[in-house]
Amino acid sequence: MISSFSNRLSHQVFSIGLRLLISLMLSPTVFASTFSDFYGIDLLDGTGMTVNGTTGLIMVPTAQLIRHGTLAGTFNSFTRPGAPADAEAENYYLSAGVWRGLEVQFGLNELHAKGANPNAYGDFYNRDLVGNFKYGIKMSGQWRLAIGGQDVMGLAIQNQRLYGVVTHASRYLATTVGYAVKGKSSGVSQHLTGLFAGGEVYLPYNVSVLMDYDGVATRGGLRGRLHNIAGTHLQLNLDTMLASTQAGESISFGMTISYPLGGGAKAKLEALTDARYRQSSPYSSRHSLSDLPNFKNYSSNSLPSASANKTQISHSESSADKVVPLDRPLNLKALKDRLMAAGLEHIALKVDEDTSILRLRYQNRLYDLNQFDGLAQAIAIVAPFANQYDLLNLEIEILNQQIPMMSVKLGTAWALGQLQKHHSKAAYYLPEFNRIEWTAEPTWQADVTGGRSEWLSLKMEPYIVSTIGSEIGVYQQSLGLLSELSAPLWQGASAHISRIDPLYNSYHFRPGGFLEDSRVVSQWKELSFSQTWVPIDGLVNVFSYQLALNEGDKTDHMINSTRYYFGEGRHQVYGNWSRHMGNTPLATTGLNDWSGDYYGYEYYWPEQGMGAFIERGVYLNQDLTTKLAFKSYLGDSQLQATLMRSDTGYEKVRLNLTIPFTTKRAAKLGALTIRGENKWSYGIETIISDPDNTGVNLNLGDVRYVNFGAETKQPVILDQHFMDSGRFTPAYMRTHIHQLNQRIKRILYQTVD
């Protein structure tokens with residue numbers, strides 16, 4: 001995968017990209033936007049990358065940073081002086097703004113002979129993992145100070161630098177000056193030493209001129225940007241180094257694709273979208289709610305109009321609390337039908353006229369990205385109905401696998417963006433989130449109900465197996481399609497059957513080599529059963545049994561995961577017990593059966609989109625291991641860095657990205673739902689301390705499987721699927737009330753994310 005770009009393909013990609021950029025530059029009809037339109041967000045935010053993978057110019061880092069929540073992938077062909085005469089480079093980096101002011105990069109640098117096949121039998125000169133970081137403090141709208149580290153971790157530290165840098169950005173020019181010191185463990189590289197400086201001149205048509213001095217040599221080049229490609233918020237940067245005073249450096253090309261997954265970057269774009277919509281929207285305060293595109297009148301023709309029974313409440317009338325009682329039945333059936341048509345199920349509705357409350361109980365069926373979207377959809381449907389019948393309060397209960405999990409109480413006025421009602425029966429305004437006490441008796445009986453609408457679910461996701469041997473020279477890349485058909489049973493229970501079908505196989509193993517051939521073949525994978533229950537308030541338990549259906553080596557899995565949420569879900573203690581029964585011996589123990597028992601503590605910080613956990617237990621290698629991990633939540637995605645150390649002295653580092661490999665709303669075909677995996681996870685792992693000196697490999701793949709020290713991929717993963725990566729908690733919901741309000745407005749007014 002990472003090494004699948006051949007030399008010829010790389011040059012073709014850059015040739016096409018440069019021609020595309022030049023054609024767009026020369027087309028004012030395509031690029032009619034002004035400089036300020038393009039750079040209007042913040043000149044101190046950057047996605048242009050140096051040849052070493054950090055945000056900056058050509059060789060020199062700047063104090064510009066990737067905005068919090070943005071993810072970027074970079075490729076460049078920079079070959080360092082001193083490389084063999086026939087060498088060419090392929091350098092790959094994954095970058096993320098993991099926190100406000102903090103960016104990290106993780107990269108793979110490869111050097112091989114021109115025309116060689118680096119994917120087979122070690123046909124390369126060098127492979128090296130690289131890790132960078134940078135933290136910046138914004139001193140004003142145009143100045144930022146940053147400190148950072150380059151090549152601070154990896155297989156072979158060659159270009160390690162620690163630096164401080166200051167950048168000033170204005171409308172047409174960004175200038176940078178800094179100082180770098182060579183790391184103690186660095187190799188012989190002399191790039192970026194001592195005092196360095198550089199500048200970027202912004203030209204029309206989203207092109208800029210780059211020039212920098214890294215303390216050793218001066219370089220010049222160009223950078224072009226394509227912004228908001230096809231309205232998707234994707235940004236493409238194309239970079240080229242055209243000249244250098246360093247002997248042995250030739251023209252090199254670079255390409256970066258970035259996307260705002262969440263955090264500050266996504267919030268800024270959403271705010272701009274909302275501002276533009278408010279300026280162009282035909283709906284204003286002088287329009288009634290019935291003018292809303294998504295408003296529906298629920299009265300039947302035989303009933304009086306909704307406005308006939310409405311009472312306008314003013315400040316002077318608040319003490320009198322004049323309310324005209326409802327003298328007609330409410331069309332709750334029409335409301336229930338619309339909720340189910342919108343993608344919700346297990347509906348229960350009740351109206352309490354005495355307390356002016358509309359109560360709703362539902363389960364999310366179609367909104368696969370998160371429970372947040374399902375709640376916004378539910379409120380956007382019931383709030384206009386409640387307003388039509390002068391119901392001032394909404395009380396909502398959310399189910400998951402038919403288990404009551406959370407309650408939300410809010411004012412109808414807040415949901416519709418109105419001022420708070422001055423009325424004694426207006427019990428709520430801002431949303432109040434609480435965990436439902438599982439042991440408590442139901443407090444109300446529904447007037448109208450709607451049952452299950454989903455009877456079968458077909459989930460499809462990529463199935464990838466990749467291994468890169470950095471010393472023994474093996475390489476494998478296999479891509480398949482994993483399909484899972486599941487059916488909900490009783491409360492908390494579900495049955496699943498999965499199948500794998502190959503799409504592509506690349507096999508470069510020597511017969512009798514160190515690693516097994518694990519190419520993808522067509523086969524049924526597993527038949528599994530999962531049961532979730534909440535035995536006491538805050539304690540969630542998931543048990544699953546997975547029966548292997550594949551040919552050859554088989555392993556059955558029996559897993560029980562328990563997690564206790566307290567402090568509104570900020571604090572979590574958990575444990576896992578598992579038994580794995582195979583028909584072939586495990587390499588580390590020689591036994592057919594093995595266990596995976598561990599426990600840990602996790603802290604969730606929703607205000608900053610961060611989390612961390614410490615965990616200890618027995619994993620695949622059957623030795624006691626301690627894990628320390630940090631998480632950055634980027635919208636519906638998640639970036640995690642993990643350090644693992646076993647009692648036998650092995651140390652591993654893993655970086656994985658979890659993304660929603662699905663659409664915002666699943667497809668409904670009657671009783672069948674077709675969806676993707678909303679927590680698809682892929683990562684890279686390497687050994688950094690090897691007491692036995694058995695060789696270092698880069699292991700790439702789905703981090704939910706045993707080759708990453710986990711037990712196996714479960715049909716329902718407790719913290720990710722059932723608890724929505726910690727977002728199905730009062731702590732997350734309460735700190736994201738503004739975002740909830742914005743999503744409700746987008747649904748009501750049919751705005752676009």
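**Exercise 1. Which strands run in the closed barrel, and with what pairing?**

Keep in mind that you're working with a predicted model.

Step 1. Trace the barrel: 12 strands close it, in the order β1-β2-β3-β4-β5-β6-β7-β8-β9-β10-β11-β12, and the pairing is antiparallel.

Step 2. Zoom in on one pair. Strand β3 (residues 102–113) and strand β4 (residues 126–138) run antiparallel and are joined by 10 bridges.

**Exercise 2. Work out how β14 pairs with β13 and with β15.**

Step 1. Start with β13: β13 and β14 pair in the antiparallel sense, over seven bridges. Val 351 sits opposite Leu 358 in β14.

Step 2. Look at the turn. This hairpin has four residues between the strands, and Ser 356 takes a positive phi near 55 degrees.

Step 3. Now go to β15. Here β14 pairs in the parallel sense, again over seven bridges, and Tyr 362 has Ile 398 in β15 as its bridge partner. To get from β14 to β15 the chain passes through helix α5 (residues 371–388), giving a right-handed β-α-β crossover.

**Exercise 3. Decide whether the faces of β14 are covered or open.**

Step 1. Recall the rule: in a regular strand, side chains alternate between the two faces of the sheet.

Step 2. Sort the residues by side. One side carries Ile 357, Arg 359, Arg 361 and Gln 363, while Leu 358, Leu 360, Tyr 362 and Asn 364 are on the other.

Step 3. Apply the cut-off, with buried meaning under 20% relative accessible area. Both sets are buried, so both faces are covered by that cut-off.

**Exercise 4. Find the largest cavity and describe its lining.**

Step 1. Search the whole structure: 10 cavities of 30 Å³ or more turn up. The largest has a volume of about 790 Å³.

Step 2. Locate the centre. Of the 39 lining residues, Asn 364, Asn 400, Gln 401, Glu 454 and Arg 675 are the closest to it.

Step 3. Ask which elements contribute. Those supplying at least two lining residues each include β13 (344–352), β14 (357–364), β15 (393–400) and α7 (718–722). β33 gives the most, with five residues.

Step 4. Count by class: the lining has 11 nonpolar, 17 polar and 11 charged residues.

Methods: Residues are numbered from 1 along each chain as its sequence is written. This is a predicted model: local features need pLDDT of at least 70, side-chain atom pairs count only at pLDDT 80 or more; totals for chains, interfaces and linings use all residues. Side-chain values use heavy atoms; hydrogens and water are left out. On a 1 Å grid over the protein atoms alone, a cavity is a set of points where a 1.4 Å probe fits but cannot get out, and a pocket is an open set with protein on both sides within 12 Å along at least five of seven lines; lining residues have an atom within 4 Å of a point. Grid points are joined across faces, edges and corners, and a volume is the space filled by probe spheres set on the points. Ala, Val, Leu, Ile, Met, Phe, Trp, Tyr, Cys and Pro count as nonpolar, Asp, Glu, Lys and Arg as charged, and the others, Gly among them, as polar. Buried means under 20% relative accessible area, exposed over 50%, partly exposed in between (1.4 Å probe, protein chains only). Two strands pair if DSSP finds at least two bridges between them. A crossover is right-handed if, with the strands pointing away from the viewer, the path from the first strand over the helix to the second runs clockwise.
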